[in-house]
Amino acid sequence: MNHNDIERLKLIDKRVREIIKENNLLTTETDFEIVEPERMIEAMAYRFPSNFSHWSHGRDYDRLKTIYDNTGSGIPYEVVWNFERPRAYLVNTNPFPLNVIILPHVYAHVDFFLANSFLRRGRAVADIANDARRARVRFHQYEQEHGVKVIENIIEAARTISRHQDLDPFAERIDEDLIREQLIKVEQAKVEYLQNLNGAAAGGFKDRQELEIEIARIVYGIRLLEKKTPPLPDYDLLGYIIDHAPIAKKAYVEDILKTIRDQDRHLFFNGRTKLLNEGWATYWHVRIGRQLFAEGLLTPEEHGEFITFHAQVINADRKGLNWYRIGVVLFEYIKEKYDKGRFGDEYENCKDPVKKMNWDTKAMKGTEKIFQVHDMYSDAMAVREFLTDEFVHQEQLYMWQEATNPITGETENVIAEDDPAVIRATLCKRMAAGGLPVIYVDDGNYDGRGELYLRHDSDGELNPEYEGAALENLFYLWEKPVHLETNEVLTDIDYSPTSFSKRIVHTFDGKKHKIVDA
Amino acid sequence: MSIIIGNDKKTGSGTKDARRHSDKQKELIKENLPRVITDESIITGNKNKKIKIPIRSLEIPDFRPGVRHKGGRGDGGGEAGFGQGDGKKGDAVGKRPGKGQKPGSAGQEAGRDFIDAEFTVEELIEMMLEDLGLPNIKEKQEAKNILVKAGIKITGVENSGPWVLLNPSKTAKEGIKRFYSYLEIIKDETKKSELDCFAALKKCNGYLDEAMEAIAAPDFSHDEMEVVPFPILLDDDLRFHRLEDKNVSKSSAVVIGILDRSGSMDKEKKYLAKAMLFWQVNLLRKIYGSVEIRFIVHDEEACLTDEENFFKSESKGGTHCYTGLKLAGELIDSTYHTDQYNVYVMYFSDGDDFDSTRARTLEEVRSLVARGVSMIGYGNVLPDDGLYYESHNLFNVFASLLPVDHSYVSGIELLVGKKNFPFLGMKLRARRHIWPALQEFLKQSRSW
């Protein structure tokens with residue numbers, strides 16, 4: 001971009017901000033930086049403008065750079081971070097009309113950061129931008145003191161489990177002694193109640209003996225609870241390691257683990273709102289772009305290019321879901337639905353398709369509703385509520401599966417499912433845990449030997465190749481044998497009519513792997 | 001709110017960490033070297049071209065959904081995902097891009113990120129050496145340094161010699177020294193001025209005695225204006241160039257590859273020989289400044305051939321192993337004297353020697369040792385299916401009749417010659433044996 005372009009962009013920026021405010025979108029101080037493609041690639045690879053050194057960042061940098069060098073594409077036009085003071089990068093090779101799209105797009109993202117309850121929480125995790133920048137310097141120092149290899153290993157091991165977080169993203173980590181105390185209090189209250197019963201019959205017990213057995217059972221339970229760690233299943237795997245692993249007593253290890261935990265907790269919220277966030281930004285950039293053209297700030301040619309870029313951005317994907325498209329169409333759909341009053345029992349229960357098609361009560365609740373969605377919803381919530389049968393049909397969503405063509409012998413992607421209910425449920429499930437299997441620490445003192453016992457209770461199998469190496473990394477942090485209880489689908493031989501899978505325990509003791517039936 | 005032009009200072013961290021990543025990949029390749037080095041594309045390919053080795057992009061392992069048993073009940077079969085567009089159940093919406101299905105790899109590698117890392121043979125060799133803990137083989141290797149006459153050279157100065165070798169500048173320097181010393185003597189003796197002394201010396205053509213007499217004469221006079229030194233030469237002052245024969249020490253080696261091309265040598269046996277020889281030659285290239293390779297093939301007779309025909313040569317019936325070894329000996333005598341070359345004889349055969357000529361084979365081996373070769377390597381290329389003539393196999397004959405130790409190292413059978421008997425026999429049953437065999441080859445090549 002030359003000097004004139006930048007001056008013009010600043011002028012348009014001024015008007016865009018006015019329009020943003022006129023539409024009641026929230027704004028805050030936001031920095032736009034026009035950067036070289038390499039800088040953008042770096043920002044992508046390191047996840048933040050600056051972050052600590054690690055081979056995995058180098059791998060991503062190398063991969064993106066290779067693609068960019070060979071194809072001239074593969075990097076985003078913009079990126080904007082949900083920081084206390086949001087920061088956006090625009091690539092200096094973007095044509096002018098593209099940067100014009102990007103301005104309202106970024107402002108809408110910033111509004112989403114400020115308004116959406118999930119992203120507000122994500123921003124509050126830590127001063128993430130500065131922490132990442134400072135971590136770079138600190139980790140480098142650790143490398144000098146303890147060796148590159150050691151620091152690399154700690155980072156890798158932490159990243160192995162850092163996305164397994166508390167199921168309630170809003171929960172703060174509570175000291176486990178406090179939890180235990182509370183649980184014991186409840187149990188003690190039960191004992192007290194039973195001891196003060198006016199006769200066994202008052203508590204519904206057959207006789208005195210049965211009552212005493214019950215009291216003894218609870219007392220025994222309290223004794224177990226006193227020693228149990230964690231007192232309740234702990235899904236925050238890295239959090240548990242930080243609190244309990246001896247290795248985390250070393251200040252530098254603790255620092256590395258905490259930094260990575262914070263970064264992933266911050267990013268967790270981005271992952272939960274990607275569909276809505278991109279949909280929202282796209283929804284506004286196309287509207288504001290149109291208005292800029294109407295006001296004469298864009299030439300017809302530039303507007304034409306603008307429209308072309310927009311069309312590329314929302315192009316339907318045969319082999320995946322383009323969040324930009326699904327997101328923007330979803331907002332348009334919600335707006336129309338609520339503008340025309342197509343909600344409530346009367347509408348839902350109406351059996352006449354023609355009447356339904358022409359349904360319009362002039363409710364004009366659309367804008368209010370989409371703002372409500374953007375304030376309160378996560379992707380999973382929005383999918384559950386608004387990815388209706390109608391929407392799935394309208395957008396022609398499906399699930400495909402690889403299959404061998406019996407004639408050509410080629411592997412093809414074949415539409416395997418188009419039932420809206422299945423699509424909705426599958427998508428929700430994937431979004432709920434970010435596609436991760438749900439795993440928790442069941443016992444941090446397994447068998448009284450301080451070993452770590454994890455459980456994977458949700459459906460499905462784990463990828464065995466990664467599972468083994470992941471357990472090795474976990475062992476690196478825990479320094480004692482680690483166990484993982486998971487599912488294995490029964491083979492034809494031991495197939496039983498009542499169950500599809502069995503429970504197995506995979507153990508790594510620092511030297512070898514062992515998998516046995518649970 | 002502001003739009004600013006980002007400063008163009010690149011942090012460089014991307015490039016730096018990319019190097020960390022590629023170093024890690026290199027480690028991964030090293031672990032896979034035993035498999036990589038027998039890859040046909042390396043052995044048969046163009047030597048200078050970069051070798052592409054597909055390696056999995058490094059990933060941080062985690063707990064992710066997957067399938068424990070491929071093709072099992074839990075395997076939905078290949079990749080799956082969401083999509084959008086026209087079509088009904090059962091319609092194909094695209095094809096999997098890329099290569100066709102290979103048995104055993106169907107569906108399993110799909111979606112996994114493979115990248116081609118590029119290496120030259122040189123880089124692979126370096127990795128092999130690092131892996132063997134011999135990073136600086138050149139220094140450690142006591143390669144035979146051979147002196148080669150390369151004419152004569154001037155190495156210094158001496159006080160006598162033929163006039164043609166007179167060193168004018170050194171001689172003139174001596175002459176000037178003498179001039180000044182004579183000048184001092186005359187000054188001391190006569191207490192005359194320096195200019196007077198110089199004039200006397202000049203008049204008498206540098207003869208000291210005459211100059212003293214001349215200056216002492218009462219009628220001594222001169223018209224010299226200043227002291228201009230000139231060389232005064234006596235025999236002692238002559239300096240001559242010293243000459244010496246010029247010898248350069250050169251470390252060079254020759255590898256004489258011998259291949260049994262008799263009827264029993266099939267394609268896989270030849271491939272084992274080829275792969276082994278390829279790496280031996282390339283490893284020796286790291287050790288020696290220059291390595292020549294000569295190729296001999298034999299069946300009932302032996303002949304010299306070139307590299308291309310060496311491996312292509314067709315089977316011609318019977319086997320007289322001694323013929324190949326004998327021709328190698330003759331080649332050493334005629335061209336590659338062991339006082340000028342480090343000679344490596346590498347013989348590959350399936351060991352199916354004629355009973356009647358076995359004694360001659362042993363004799364030829366001993367005669368090669370007697371010639372002073374650096375090593376006789378014997379690769380017994382005999383895949384598992386050739387067990388039935390094991391007992392009189394050449395490997396076992398060598399084991400019992402040569403001064404060697406028979407041992408098993410890293411899964412291969414070895415014959416290591418005793419002191420002053422540089423013989424290394426290796427049983428190469430499969431491609432996986434090439435790597436340990438090469439390790440032994442490197443180790444043993446330094447022990448005699």
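The model discussed here is predicted.

Q: Why are α11(B) and α12(B) called roughly parallel to each other?
A: Helix α11 (residues 321-334) of chain B packs against helix α12 (residues 358-371) of chain B at an angle of about 20°. Angles under 35 degrees count as roughly parallel, so α11(B) and α12(B) are roughly parallel to each other. Their axes are 8 Å apart, and the crossing is left-handed.

Q: Which residues of α11(B) and α12(B) meet?
A: From α11(B), the residues include Cys321(B), Tyr322(B), Leu325(B) and Ile332(B). From α12(B), they include Arg360(B), Val365(B) and Leu368(B). The residues of this contact divide into 7 nonpolar, 2 polar and 6 charged.

Q: Why are α12(A) and α13(A) called roughly antiparallel to each other?
A: The axes of helix α12 (residues 274-294) of chain A and helix α13 (residues 300-313) of chain A cross at roughly 170°. Angles over 145 degrees count as roughly antiparallel, and α12(A) and α13(A) are therefore roughly antiparallel to each other. The axes come within 10 Å, and this crossing is left-handed.

Q: Which residues of α12(A) and α13(A) meet?
A: Thr282(A), His285(A), Val286(A), Gly289(A), Arg290(A) and Phe293(A) in α12(A) meet Pro300(A), His303(A), Phe306(A) and His310(A) in α13(A). By class, this contact has 4 nonpolar, 5 polar and 1 charged residues.

Q: Is Lys270(B) buried or exposed, and what makes it so?
A: Lys270(B) has a relative accessible area of 12%. Buried means under 20%, so Lys270(B) is buried. Lys270(B) is found in helix α9 (residues 267-287) of chain B. Leaving aside neighbours within four places in sequence, Lys270(B) is in contact with Leu259(B), Met265(B), Phe311(B) and Ser313(B).

Q: How do you know that Cys204(B) is too far for a bond with the closest cysteine sulfur?
A: A disulfide needs two cysteine sulfur atoms within 2.5 Å. The closest cysteine sulfur to that of Cys204(B) is in Cys197(B), 12 Å away, and is therefore too far for a bond. Cys321(B) is in no disulfide either, as the nearest cysteine sulfur, that of Cys303(B), is 15 Å away. Over all chains, the count comes to 0 disulfides.

Q: What makes Cys204(B) and Cys321(B) count as buried?
A: The cut-off for buried is under 20% relative accessible area. Cys204(B) is at 10%, so Cys204(B) counts as buried. Cys321(B) is at 0%, so Cys321(B) counts as buried too.

How values were computed: Residues are numbered from 1 along each chain as its sequence is written. Chains are lettered from A and ligands numbered from 1 in the order in which they are written. This is a predicted model: local features need pLDDT of at least 70, side-chain atom pairs count only at pLDDT 80 or more; totals for chains, interfaces and linings use all residues. Side-chain values use heavy atoms; hydrogens and water are left out. Axes are lines fitted to C-alpha atoms, for helices over the stretch in contact, and angles run from 0 to 180 degrees between N-to-C directions. Helices (H or I, at least four residues) and strands (E, at least two) are DSSP runs, numbered from the N terminus. Angles under 35 degrees count as roughly parallel, over 145 as roughly antiparallel, 65 to 115 as roughly perpendicular and the rest as oblique. A crossing is left-handed if the near helix is turned anticlockwise from the far one by less than a right angle, and right-handed if clockwise. Contact means heavy atoms within 4.5 Å. Ala, Val, Leu, Ile, Met, Phe, Trp, Tyr, Cys and Pro count as nonpolar, Asp, Glu, Lys and Arg as charged, and the others, Gly among them, as polar. Buried means under 20% relative accessible area, exposed over 50%, partly exposed in between (1.4 Å probe, protein chains only).
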